[in-house]
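Hi everyone, thanks for making time. Have a look at the model on the screen, and I'll walk you through a few spots in it.

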Amino acid sequence: MSHQLKGRGEEGDRSGRRPTRKQAARAEGAAGRRGAQPGQKEPAGGSPRPGSPRRKQAEPRRHLEELGEQGRSSAERTFEGRRKRDGRASLKKQRAPPKKEKEVSRKEEMWKRPKKHRPPSLASSASGAETLSEEERARILEQVEDKKKLIATMRNKPWPMAKKLRELREAQEFVEKYEGVLGKGKGKRLYAYRMLVAKKWVKFKRDFDNFKTQCIPWEMKIKDIESHFGSSVASYFIFLRWMYGVNLVLFGLIFGLVIIPEVLMGVPYGSIPRKTVPRAEEEKAMDFSVLWDFEGYIKYSALFYGFYNNQRTIGWLRYRLPMAYFMVGVSVFGYSLMIVIRSMASNTQGSASDGESANFTFSFKMFTSWDYLIGNSETADNKYASITTSFKESIVDEQESNKEENIHLTRFLRVLANFLIICCLCGSGYLIYFVVKRSQEFSKMQNVSWYERNEVEIVMSLLGMFCPPLFETIAALENYHPRIGLKWQLGRIFALFLGNLYTFLLALMDDVHLKLSNEETIKNITHWTLFNYYNSSGWNESVPRPPLHPADVPRGSCWETAVGIEFMRLTVSDMLVTYITILLGDFLRACFVRFMNYCWCWDLEAGFPSYAEFDISGNVLGLIFNQGMIWMGSFYAPGLVGINVLRLLTSMYFQCWAVMSSNVPHERVFKASRSNNFYMGLLLLVLFLSLLPVAYTIMSLPPSFDCGPFSGKNRMYDVIQETIENDFPTFLGKIFAFLANPGLIIPAILLMFLAIYYLNSVSKSLSRANAQLRKKIQALREVEKSHKSVKGRSTAQSEDTAKDASQNATQLQLIEEGTTPHPASQNQTPDKKAQDPGTSTSASGTTLPASRHISGARPPGVRPDSGPARPQTHPWRSASGKSAQRPPQ
Amino acid sequence: MGGSGSRLSKELLAEYQDLTFLTKQEILLAHKRFCELLPPEHRSVEESLQIRVSLEQILSLPELKANPFKERICRVFSTSPARDSLSFEDFLDLLSVFSDTATPDIKSHYAFRIFDFDDDGTLNREDLSHLVNCLTGQGEDTRLSASEMKQLIDNVSSRAGPGSQREGLGLGLKLSLPQILEESDIDRDGTINLSEFQHVISRSPDFASSFKIVL
């Protein structure tokens, strides 16, 4: 009912206005028209702006001022309300804002959206709550909802604060006043209660958000770095912080569900062989050098896989530790996958159209290249320089895109460079393989030196340190564009790290297989020893023999713990190498340059050594690979995540300090967010690659017979089967067995493939539709332009350009939102957009009044002298009824 | 005196939180920083909300110091008649638009106004060349030569054709490879309007992350 009323009201309004509108458009000039412009943008949330008559500003201004004095006394309002129902003529007046700021300058006014005014129907409702009819109630409800929406989206409006404040207070007052009116009897109280809850909920959410932002650590440190180095360097630290958060969650998971239960409720140290240091190692087990290698007491602690017992339940809680161990190992990967993919998705949401961004390279350079976070003049200078370079580069690119110097030489050099780099990669891979093999020899020997013990880690760290600069030197041969060069460089470092990691893994796997093959003999030895011990003669038969001391029991090598130790060592040595590199390479260099500059023969600061730059890509890759090692190692060394949390914490402080004290801003500044998802993609790849070996070992290697939570089982995942069989009712076991049936899994996989295929084709068709709409816009524009330019020629140039701008805005909006139906509430606005959503014809029809700045712009091919003849023949005129109405001015 | 004793009232804070993209802490910090710009005798809450701070003082903030658009930013956000001073609320508006959580829409709206140097509602050639000059800094070595500039802007605009208002640009341009206006000027009228600007900006992957000022 209320909709009908409104519809009619709008109609009347529209028809009544049409004659005045054109005059108003002229008289009003820039201010009114421009005023509409900001209004074109709807808040991102997509909620339609409640009843805001956008065209009101086209009203003669004195009207408003006259009416501005009309107060808010309810008497007057009711009066006006009646008037409104009587005659539509007064409707416009009613919409006049009650208050008008006169002091604001005209220029400012241009940018302001017209003030939101009290909706007309409100007036009648003020007279009394009791006498409300259904229809009025519905209307008020609608208005209250509108006001609420306005309150929620107010911050999205480009108004000055004073205006927003006033609007907010007005809207709140309105809502408070009329909220109570709604609903009757019991419903009323319920409504009020619901409103109260909603209000409290909003307040709670705000407080919670405030709390959350307070909890984010290192905000100020990162802000400092941002202002000194721009967003690219800061992006590394933000990434580091994100990684720290992820690791904290993993740490909580592992510590809370595995380590702490084991320490509290498990069998204590020294009670069984796997929890005891063997006799042979006992006297050295507490030496620092041994502990440093994660041998001795540390090896037989809850930090490593081997310490855990295969008892099915522990403690009075009857906690199923093996099961928990397995599930935590799986959920570490599950959680990491989920969080990485989620953040990737949220990153891509912002920039959905990658394909299109190529069309706007110059515009992006111009409009988005400044980094507003820069607050340091030196960085600003660098930024100026890099922007200039990029401008010049792109101009040169544009000019010389077809010019190509000696292509054969370039090709030869590039092939050569790639060959050299592949040689480097193979060499480093072989070196690592060789070293790991050698370390297996060393591990069999007794007296090995410190170097021999740590050879693998040292070699890997050195390779990681020296290969990237080598690659950079070789890449100079290739003569790529710096941007492409950076990508290649990143890819090569990635390949290097990955190759090293996998060679390491393969060598480790060899080791594991060796240990597994020895296991059978060790098992026999153990049995034999125990058998001998209990059956040997020379013991008083009457006294039962005390059990063999756990330290004396011969035991297997426990390959899981060995793997865990390798990863632990690698992580620690990687951390140390990073810190030492920062100390030597950055800090000492900076000190040297700074202080020796007084007594040196050339300018050290500007010349050769100078200060170091912060190596973003190297650091990010280092972080990613470190995380990969954590993921791989965490199953066999639950304590690894704890070490990593410490590492990230210290490196946050250490690197923050180092970057602020001894680095200079980049010469070549590349944008942060563009590479952000690139890093995330690398992280995902590394996660996947580190998932593979762990999954392989879990699925296809038998666990050691005498250590770890799964000892005695054929495979580690048997623990699940065991739990299902023993702890769940039998029908559940049947269900699981049924689910694991290949007959069900294969169709499920097929279904997933089909879904992927379907979604893919949907997205393709959507992007095609997008491209078509784009073309449509352009075609529309050109047609319309030619029309306008023709008109513009024949009319006086009194129109302001801004008008056109606002109209264009409407149109673009229209076309972009063309497919979405406009909610009913928007029909209140006597706006072109609301009148016929989805069709651009009438909207473009309104743009017909010519504007001067258009006059010169024509699509190529239209000769100016042919202008006056065109309007008659133009399809546009005949197509749009509205334009036909318009007299040619 | 400065800031610690003077707190904004709860209601006002709540309203500011409703109206800006800032959190409570950020608003309080902004107020503190704003008060530091005031002379010590005007640092009470009431006065700090009324008084306006001149452009020079605002520009001396380290966050804005190095920004080539600092004057434009202040002008756009100023509500005083001469547009040369900022009140606390203007200052909050500024920070809100430049905050992390502001929507890309409102960011691009204000970016457009900042780049619109002559305040005429469209970006024309003068605005663009002004913009390029701002971006390339004051140093002589970093400035673009006139022809480079022309070409750059043409890339954004040149298909507007010889009939556009700025006829003079047609002369030395041998390459008719259009650049910036070419890309962004969808309706080919020789200028970029707000919706075209927002269309382009919305495609940019890193606009929202770099159009940020944090106190």
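Let's start with one residue. B:Gln17 has 6% relative accessibility, so it counts as buried (buried means under 20% relative accessible area, exposed over 50%, partly exposed in between, with a 1.4 Å probe and protein chains only).

Quick housekeeping. This is a predicted model, where local features need pLDDT of at least 70 and side-chain atom pairs count only at pLDDT 80 or more, while totals for chains, interfaces and linings use all residues. Residues are numbered from 1 along each chain as its sequence is written, chains are lettered from A and ligands numbered from 1 in the order in which they are written, and side-chain values use heavy atoms, with hydrogens and water left out.

So what does the side chain of B:Gln17 make a polar contact with? That's the side chain of A:Arg206, at 3.5 Å (a polar contact is a pair of N or O atoms within 3.5 Å; within protein, one must be able to donate a hydrogen and the other to accept it, and residues adjacent in sequence count only if both atoms are side-chain atoms). Setting aside neighbours within four places in sequence, B:Gln17 is also in contact with residues including A:Arg155, A:Asn210 and B:Leu22; contact means heavy atoms within 4.5 Å.

B:Gln17 sits in helix α1 of chain B. Helices here are DSSP runs of H or I with at least four residues, strands are runs of E with at least two, and both are numbered from the N terminus. The axes of α1(B), residues 10-19, and α2(B), residues 24-37, come within 10 Å and cross at roughly 110 degrees. That's why α1(B) is roughly perpendicular to α2(B) (under 35 degrees is roughly parallel, over 145 roughly antiparallel, 65 to 115 roughly perpendicular, the rest oblique). Those axes are lines fitted to C-alpha atoms, for helices over the stretch in contact, with angles from 0 to 180 degrees between N-to-C directions.

Who meets whom there? B:Leu13, B:Tyr16 and B:Gln17 from α1(B) meet B:Lys24, B:Ile27 and B:Leu28 from α2(B).

Next, α6(B), residues 70-77: 6 of its 8 residues are buried, so this helix is largely enclosed by the rest of the structure. Among the buried ones are B:Ile73, B:Cys74 and B:Phe77. Their cover includes α7 (88-97) and α8 (104-115) of chain B.

Zooming out, chain B has 13 helices and 4 strands, and 64% of its 215 residues count as buried. Chain A has 34 helices and 2 strands, with buried residues making up 48% of its 889.
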